[in-house]
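I opened my notebook to look up a few things in this model.

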Amino acid sequence: MSRANSGTIRFVDLHKAHAEIEGAMISAISEVIARGDYILGESVTRFEEDFAEYCGVTHAIGVDSGTSAIELALRAANVSSGDEVIIPANTFIATALAVHHAGATPIPVDVDRETLNIDPRMLVQAITTRTRAVLPVHLYGQPASMNDIGEIAAAHNLIVVEDACQAHGATFSGRRAGNLGHIAAFSFYPGKNLGACGDGGAVTTNDADLADKVRLLRNYGQRQKYHHVVKGFNRRLDTIQAAVLRIKLQHLDRWNASRNRVASTYEELLRDSGIRYPKVAAETHHVWHLYVVEVSDRDRVQAALSRAGIQTGLHYPVPVHLHPAFEDLGYGPGSFPVAEAAARRILSLPMHPHLTDDEVKRVVGALHAAINSKDGAGRAFIEPSYEDRISPLHPDSATLAVNGEVAG
């Protein structure tokens, strides 16, 4: 039996998304091949213009990945060795790695219990004389509390760099992600709401000086070929990927609307279940890159869903400070109890624009069955005890790869 007919409900289904725009994508790629402008070609320039307009900013600069976008945004803002950058403890490790690669020290703080986004109260407590920037992550597709963050940053003269890698098209108080801080970073990893057919990223800003620095840094530090004014990098967005992104950008709002339909169906079915489902904060328009619930005995529930033919993910099973890669930061278990408790319970359900209501009902039915099975009766979400919140996590847990990829 083929995978397409196996009854599996995919976590992400790029096949359906690409099938509906395949002709346009192939045509756009063919145009690049005909022009032969594979590096910083016409499609890159045109995509940058389109994406800047979409985000409501004056500048968008295409780069090779979301990680590079964060790093170059920080470098453009003169973040460097000796500086500290505050990040949420619950995020993909690329957020912290980008800070590290810019030469600065990532300082994790705990997250809001309802949204799992960075908690502004914890942000205030983490500011020191070395703090240079704050890096809020618009986690799962929901913008962080940008009014509070902006006020705190202004009071302490901090740069606000948005990690908008999961938030293409999301809004806060009517303004799009990418236009909520001094500078922002996006990822176009294939599984994102706006994803390429490979890696890609972009930096957005209204600051012409920051934009100019990013353009220099992404292309060997040159404005004119072989004339290098700073020590730059090779971090350019591929022209073929830009051509694909121009096509997909035309469908982004429609696809995001479909994600909202799927999320609404999930919420309707989960409302009285005892399962902790996502909450949408005031002033935000969520674009549901991921739909993340919380359950006790999560690993058992995930295994049961897998046996039922339902793919899931974990975003994220280990907070930043408990990865061996960042043990040098000096934080141990119990440092950030909200993020640590969530890491044991978060379970990402299938989410993509082409999920049907019947498929969502099947997912929720299987979820209920798993939770209420004989070996786990009544084990829906329960607020953890203090001892549970500070017990060690398992760093060998891994996010489930689907369709040959992992949703970052």
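How many salt bridges does the structure hold? I counted a salt bridge where a side-chain nitrogen of Lys or Arg lies within 4 Å of a carboxyl oxygen of Asp or Glu. The structure holds 20 of them.

A note on the source. This is a predicted model, where local features need pLDDT of at least 70, side-chain atom pairs count only at pLDDT 80 or more, and totals for chains, interfaces and linings use all residues. Residues are numbered from 1 along each chain as its sequence is written, and side-chain values use heavy atoms, with hydrogens and water left out.

Entry: I looked up arginine 254, which forms a salt bridge with glutamate 20. Their closest N and O atoms are 2.6 Å apart. Arginine 254 sits in helix α10 and glutamate 20 in the loop between α1 and α2 (22-35), so the pair ties together parts 234 residues apart in sequence. Helices here are DSSP runs of H or I with at least four residues, strands are runs of E with at least two, and both are numbered from the N terminus.

**Entry: α10 against α13.** Next I followed α10 to helix α13 (residues 357-371). Their axes come within 10 Å and cross at roughly 35°. Axes are lines fitted to C-alpha atoms, for helices over the stretch in contact, and angles run from 0 to 180 degrees between N-to-C directions. On the α10 side I noted Tyr266 and Leu269, among others, and on the α13 side residues including Val360 and Leu367. Contact means heavy atoms within 4.5 Å. This contact divides into 8 nonpolar, 2 polar and 3 charged residues. Ala, Val, Leu, Ile, Met, Phe, Trp, Tyr, Cys and Pro count as nonpolar, Asp, Glu, Lys and Arg as charged, and the others, Gly among them, as polar.

**Entry: α2 against α9.** Which residues of α2 meet α9? I found Ala24, Met25, Ala28, Ile29 and Val32. They meet Thr239, Ile240, Ala243, Val244 and Ile247 in α9. The contact has 9 nonpolar residues, 1 polar and no charged ones. The two helices pack at about 145°, with axes 9 Å apart.

**Entry: cavities.** A search of the whole structure gave me 2 cavities of 30 Å³ or more. A cavity is a set of points, on a 1 Å grid over the protein atoms alone, where a 1.4 Å probe fits but cannot get out; lining residues have an atom within 4 Å of a point. Points are joined across faces, edges and corners, and a volume is the space filled by probe spheres set on them.

The largest cavity has a volume of about 180 Å³. Its lining has 18 residues, with Glu114, Thr115, Pro278, Lys279 and Val292 nearest its centre. Strand β13 (residues 291-294) gives the largest share, 3 residues.

The second largest cavity has a volume of about 120 Å³. Its 14 lining residues include Leu14, Lys192 and Arg259. Here α10 turns up again: α1 and α10 each give two or more residues to this lining.

**Entry: backbone.** Where did I find a cis peptide bond? It joins histidine 315 and tyrosine 316, with omega about 15°. Asparagine 157 has a positive phi of about 55°, although it is not a glycine. Asparagine 157 is in the loop between α7 and β5.

Terms used. 1 Å grid on protein atoms, 1.4 Å probe; cavity = no way out; pocket = protein on both sides within 12 Å on 5 of 7 lines; lining within 4 Å.
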